Amino acid sequence: MSNLRYSESILVARSPEDLYDMVSDVTRMGEWSPVCKACWWDEGDGPRPGAWFTGRNELPERTWETRSRIVVADRGREFAFLVGGSWVRWGYTFAPVDARTQVTESWEFLPDGIARFHERFGPDAEAQIANRTEAARRGIPDTLAALKQAAEAG
C-alpha cells in the first residue's frame, strides 16, 4: 500500500492562536469533522503533550471509538495526536499569511497502524487500509471547509 499520508490547506480569516484554540479543544471536533462526531478528554486532561482523549466516529455502516494521545500542543503553531497511541497521526499546523492563517490538516497511516490492521483484518487488511485512506482524503477538505466556516462566523 502506498500513499498513506495526505494533507491539505485552507486560508482562514482568524489568527493562528484562535484557530489553534478551536482545533485543540477536541470536544468541538464533531462540529466540523464528517466522521468524528464527538470527543472527550480523559478526566483532568486537556491539550498538552501526553494527554489522552476518546473520539466517537460514525459512518452509515458502523460506529466506533478510538483513543488518541496528544503529541504536539504548540499554541498558534501546531496541534497533533496519535490515534491508538501509535497507529495514525492527525495534525494541524497554523501559519500567518497576511491577515489570515493557513491551516494545514495532515493525516498519516503509521507502521503500527498498518500492522494492527493486518492483525485485525487479515486478508481484508489492504482493502480496509485503502478504505480508511480514501475516507481521510475525502474528509480533510470537508473538515477544513467546516472549520473555516465556523471560525469566520464566530
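**Ground rules.** I noted that this is a predicted model, in which local features need pLDDT of at least 70, side-chain atom pairs count only at pLDDT 80 or more, and totals for chains, interfaces and linings use all residues. Residues are numbered from 1 along each chain as its sequence is written, and side-chain values use heavy atoms, with hydrogens and water left out.

I traced an open sheet of seven strands in the order S1-S7-S6-S5-S4-S3-S2, with antiparallel pairing, where two strands pair if DSSP finds at least two bridges between them. S1 and S2 are at the edges with a single partner strand each, so one side of each has no neighbour in the sheet. Direction ignored, neighbouring strands are turned by 25° against each other on average, the axes being lines fitted to C-alpha atoms (for helices over the stretch in contact), with angles from 0 to 180 degrees between N-to-C directions.

The hairpin of S5 and S6 has four residues between the strands, and in it Gly84 takes a positive phi near 70°. S5 is largely enclosed by the rest of the structure, because five of its six residues are buried (under 20% relative accessible area, with exposed over 50% and partly exposed in between, for a 1.4 Å probe and protein chains only).

**A loop residue.** Between S6 and S7 I stopped at Asp98 in the loop, whose phi is near 55°, a positive value in a residue other than glycine. Asp98 is exposed, at a relative accessible area of 78%.

**The core.** I then looked at the largest nonpolar core, which has 35 residues, and found that Phe79, Phe81, Trp90, Tyr92, Val103, Trp107 and Phe109 touch the most other members. Such a core is a set of buried Ala, Val, Leu, Ile, Met, Phe, Trp, Tyr and Cys residues joined through side-chain atoms within 4.5 Å. H3 gives the largest share of this core, six residues. Leaving aside neighbours within four places in sequence, I found Trp90 in contact (heavy atoms within 4.5 Å) with residues including Phe79, Phe81, Trp107, Ala136 and Ile140.

**Aromatic rings.** The structure holds nine aromatic pairs, meaning rings of Phe, Tyr and Trp (its six-membered ring) with centres within 6.5 Å, where planes under 30 degrees apart count as stacked, over 60 as edge-to-face and the rest as tilted. Phe117 and Phe121 make a tilted pair, 5.1 Å centre to centre with 55° between the planes; being four residues apart in helix H2, they are separated by about one helical turn. I also noted one aromatic cluster formed by Tyr20, Trp41, Phe53, Phe79, Phe81 and Phe94.

Technical notes:
Helix = DSSP H or I, 4+ residues; strand = E, 2+ residues; numbered from the N terminus.
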